[in-house]
Amino acid sequence: MPKICILTAAPDYFEDLGPARATYQRLLGDNISFRHWTDPGDLTGFDLVLPLLVWGYQRDCPRWFALLDQLEQQQIKLANPVSVLRWNSDKSYLLELEKAGIAIVPTLISAALTANDIAQAVQAFETDQLVVKPPISGGADGTYRLRNGEPLPEDIMGKKMLIQPFQPAIAEEGEYSLFYFAGIFSHAILKRPAKGDFRVQEFLGGSESGTDCPAGAQELAVQARQAAEQILGIETLLYARVDMLRDAMGDFRLMELELIEPSLFFEHATDQGAMFASAVEAA
């Protein structure tokens, strides 16, 4: 039997990893190991290491990138590879994908956020509602919806931030997520925020349901995934979650390409995750 390790959140992380651990044990066998990414110990004896549960890594970026450097130096076999994890950690990758021809949610980067940056973004995007988030973030940490003239939250003032126009479709229709394992489409879900919110995370009141892919969704997902593979010089990503929504014209735009620790929502897959397990076994 191959020896597989799944890296998990730090011991004091607030979300319950129990259900996710049970799912991966069901799919990969009870003999898989779980190690906290903050103190994983010696990983050289594993055939494959999966960072699927490193929730909260954005809260200790120096430690996270030091771990990636260490794993790369030790030539630990990770899926997705270290180069992918490093690139995908910073959402500035969206601008690289845009240069490659991928339709993204329009994005500006402020090196040190000021009220003037917000005013300029309002003018550039021709909207008075913006979403501001750190380039290294997860679980909606540090993510705000702002209107022109509103005071900046103290925890993001003067920090490097992504600025995007608020997309009304997030509340009106929701956010689509498409899942691919070893390059093959598995399933899709539609995530909706709680009433009055724009964040779709479950612990913030969001909900999800299985769905068929609307026209254009798979095309964008495949283009985004293949563009990332070309940028990174790899053949196929073991797993990828592609998040998107519609713009004001009804066209799909990429929100995020999740290649590190995405929730994979196997309960909405017709095979309950068997395709994923096969991809891991092949890797």
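This passage describes the overall fold of the protein and then one of its strands. The model is predicted.

The secondary structure consists of eight helices and twelve strands. The C-alpha trace spans about 60 × 40 × 35 Å along its principal axes. A compact globule of 283 residues would have a radius of gyration near 19 Å. The protein has 19 Å, so its value agrees with that of a compact globule.

Contacts were then examined by sequence separation. Among contacts between residues at least 6 apart in sequence, 68% join residues at least 24 apart.

Burial and surface were considered next. Of the 283 residues, 51% count as buried; the cut-off for this class is under 20% relative accessible area. The accessible surface of the protein comes to about 12900 Å². Carbon and sulfur atoms account for 48% of that surface.

The protein carries 23 positive and 39 negative side chains. The centres of these two sets lie 1 Å apart.

Strand β3 gives a local view. This strand covers residues 48-53. Six of its six residues are buried, so β3 is largely enclosed by the rest of the structure. Strand β3 also has a pairing partner, strand β1, which covers residues 4-8. The two strands run in the parallel sense and pair over four bridges.

Technical notes: Residues are numbered from 1 along each chain as its sequence is written. This is a predicted model: local features need pLDDT of at least 70, side-chain atom pairs count only at pLDDT 80 or more; totals for chains, interfaces and linings use all residues. Side-chain values use heavy atoms; hydrogens and water are left out. The radius of gyration is taken over C-alpha atoms; the globule rule is 2.2 Å times the number of residues to the power 0.38. Buried means under 20% relative accessible area, exposed over 50%, partly exposed in between (1.4 Å probe, protein chains only). Contact means heavy atoms within 4.5 Å. Accessible areas come from the Shrake-Rupley method with a 1.4 Å probe; for residues, only the protein chains shown count as cover. Lys and Arg count as positive and Asp and Glu as negative; His and the chain ends are not counted. The place of a charge is taken as NZ of Lys, CZ of Arg, CG of Asp or CD of Glu. Two strands pair if DSSP finds at least two bridges between them.
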